[in-house]
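Welcome! Please take a moment with the sequence and the 3D view below, and then let us walk through them together.

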Amino acid sequence: MVARIVVAAPSSGSGKTTVATGLMAAFTERGLAVSPHKVGPDYIDPGYHALATGRPGRNLDAYMCGPDLVGPLFEHGAAGCDLAIVEGVMGLYDGAAGQGELASTAQIAKLLRAPVVLVVDGSSQSRSVAALVHGFASWDPEVRIGGVILNKVGSDRHEELLREALDGSGVPVLGALRRAKQVRTPSRHLGLVPVAERRAEAVEAVAALAEQVRGGVDLEAVLALARGAGTTGAVAWEPGAGAGQGKRTEGAQPVVAVAAGPAFTFSYAEHAELLSAAGATVVPFDPLHDEQLPDGTSGLVIGGGFPEVYAPELSANEPLRKAVAALAAAGTPVAAECAGLLYLARSLDGQPMCGVLDAEARMSEKLTLGYREAVAVGDSALAAAGTRLRGHEFHRTVIEPGAGAAPAWGFTHPQRRVEGFVQGNVHASYLHTHWASAPEMAYRFVERCAQR
């Protein structure tokens with residue numbers, strides 16, 4: 001059994017990332033093997049978690065993967081660790097719109113049988129904090145709030161008032177953190193700036209978070225709470241077990257190049273694991289700096305990220321753009337999501353891109369955000385026609401046209417529309433997917449790559 005806690009809050013902006021990342025770093029400094037997790041589809045927070053712990057940050061998303069897969073994915077990621085820390089999303093009880101508790105932090109806590117540490121923004125309250133904590137602790141009797149960490153506390157006197165108010169709440173105060181501008185991490189149009197874009201500054205920020213948490217939180221009490229969690233009752237997920245087929249044993253392993261670096265930071269750890277389990281040799285490359293694809297590339301995966309921030313640099317790397325275009329034209333399988341879709345377009349904000357797709361992309365003032373239910377419109381290198389899954393859109397760009405003659409997906413909820421492009425062996429779409437929910441896609445993709 002892995003000791004574990006879920007770090008939650010009454011609302012976004014309360015300081016979950018500050019506390020969760022600080023706890024991860026502080027316990028790692030103590031010599032514990034800490035497994036970092038994030039509720040929901042977020043890609044950016046797990047990068048800070050990975051920096052704090054030295055282990056891949058992993059997502060637990062009950063909407064995209066289904067509730068039954070949450071425990072197994074957790075056990076897979078936390079295997080061999082002393083402690084797991086799960087950072088929540090939004091407010092504790094907030095989930096997918098119109099879906100009740102689905103995909104909420106509360107649901108994940110219940111599925112993992114994990115106690116919750118509630119991070120409360122105390123900056124504009126004193127005695128009222130007791131009513132707030134009482135409400136959250138009593139709302140769902142299956143959710144166990146094991147302690148409170150007070151955040152953004154203004155002074156010793158302010159802390160004293162908050163602690164006095166909570167004395168009779170039945171929920172212990174595990175710590176109090178002062179307002180500290182120096183440990184804030186910069187944000188932009190889609191949230192925090194990813195670790196890969198600010199490595200040195202991110203290292204300093206995580207170290208400062210650890211110091212703040214060490215000084216203001218009772219780490220022994222947190223660890224004791226985590227060790228009081230029961231077993232999840234789940235069997236660890238295995239990348240090679242869910243697709244109904246085994247690893248390729250005949251012929252050479254196809255090389256699948258995976259875009260990485262500052263412009264392409266959005267990726268779930270399970271994707272590379274599934275590709276490897278399917279028999280591929282996974283080789284990362286950086287489209288900002290590498291002028292050629294990895295030797296022997298027979299498949300290309302370009303995930304999400306921020307190409308709009310690096311459009312001039314991506315455009316300036318003409319040798320790689322031409323190599324990607326030639327690869328796609330030759331029929332090599334290409335799977336592109338969101339940032340990858342933009343990179344394959346003719347242009348992005350007027351900057352030439354790879355030109356694989358007859359489409360133009362640009363920044364937009366509108367944020368497109370939300371879960372989607374989708375079905376594959378036709379056969380592609382990634383999915384068979386009729387494949388159904390749940391995904392997530394998260395972008396502040398638009399591409400025109402929004403779909404090709406052969407769309408990638410038909411969205412069935414919350415709006416009905418077609419989206420993306422299937423062109424030869426290219427599958428490109430805005431939709432972020434979690435392949436653990438449909439592992440057959442990884443096997444299908446690798447099989448196509450092996451045929452090249």
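**Starting from helix 3**

The buried residues of helix 3 pack against strand 1 (3-8), strand 2 (34-39), strand 3 (58-60), strand 4, helix 4 and helix 9. Helices (H or I, at least four residues) and strands (E, at least two) are DSSP runs, numbered from the N terminus. Buried means under 20% relative accessible area, exposed means over 50%, and partly exposed lies in between (1.4 Å probe, protein chains only). The model is predicted, so local features need pLDDT of at least 70 and side-chain atom pairs count only at pLDDT 80 or more, while totals for chains, interfaces and linings use all residues. Residues are numbered from 1 along each chain as its sequence is written, and side-chain values use heavy atoms, with hydrogens and water left out.

Back to helix 3 itself. Of its 12 residues, 10 are buried, so helix 3 is largely enclosed by the rest of the structure. Among the buried ones are Leu 69, Phe 74, Glu 75 and His 76. How far apart are the end C-alpha atoms of helix 3? They are 17 Å apart, which agrees with the 16 Å that the 12 residues (67-78) should span at 1.5 Å a residue; the expected span is 1.5 Å times one less than the number of residues. Just after helix 3, Gly 80 takes a positive phi of about 80°.

Now look at some backbone details in the loops. Ala 103 has a positive phi of about 75° although it is not a glycine. You will find Ala 103 in the loop between strand 4 (83-87) and helix 4 (105-112), and at 6% relative accessibility it counts as buried. Asp 349 is also not a glycine, and has a positive phi of about 50°. The loop that holds Asp 349 runs between strand 14 (347-348) and strand 15 (351-352). Is Asp 349 buried or partly exposed? With 38% relative accessibility, Asp 349 counts as partly exposed.

Strand 15 also contains Pro 352, which is partly exposed at 40% relative accessibility. Leaving aside neighbours within four places in sequence, Pro 352 is in contact (heavy atoms within 4.5 Å) with Ser 315, Arg 321, Arg 346 and Ser 347. Pro 352 and Glu 318 are 34 residues apart along the chain, and their C-alpha atoms are separated by 8.9 Å.

Two other prolines follow cis peptide bonds. The bond from Glu 400 to Pro 401 is cis, with omega near 0°, and Pro 401 is found in the loop between strand 17 (388-400) and strand 18 (409-413). A cis bond also joins His 413 and Pro 414, with omega about 5°; Pro 414 lies in the loop between strand 18 and strand 19 (417-419).

Next, turn to what the UniProt record says. An unreviewed entry gives the annotation "domain: CobB/CobQ-like glutamine amidotransferase" for residues 256-438. UniProt positions are given in the numbering used here, feature names are shortened, and annotations may be inferred rather than shown by experiment. In the model, this span is 18% helix and 38% strand, and its end C-alpha atoms lie 19 Å apart.

Which residue does UniProt list for "active site"? The unreviewed entry lists Cys 338. Cys 338 lies in the loop between strand 13 (334-337) and helix 12 (339-344) and, at 6% relative accessibility, counts as buried. Apart from neighbours within four places in sequence, Cys 338 is in contact with Gly 304, Phe 394, His 395, Ser 429, Tyr 430 and His 432.

Finally, consider the open space. Rolling a probe the size of a water molecule over the atoms shows where empty space is left. The second largest pocket is lined by 39 residues, with Phe 264, Thr 265, Phe 266, Ser 267 and Tyr 268 nearest its centre. Helix 2 (44-53) gives the most to this lining, with 5 residues. Elements that each supply at least two residues to the lining of the second largest pocket include helix 9 (269-277), strand 10 (255-259) and strand 13. On a 1 Å grid over the protein atoms alone, a pocket is an open set of points where a 1.4 Å probe fits, with protein on both sides within 12 Å along at least five of seven lines, and lining residues have an atom within 4 Å of a point.
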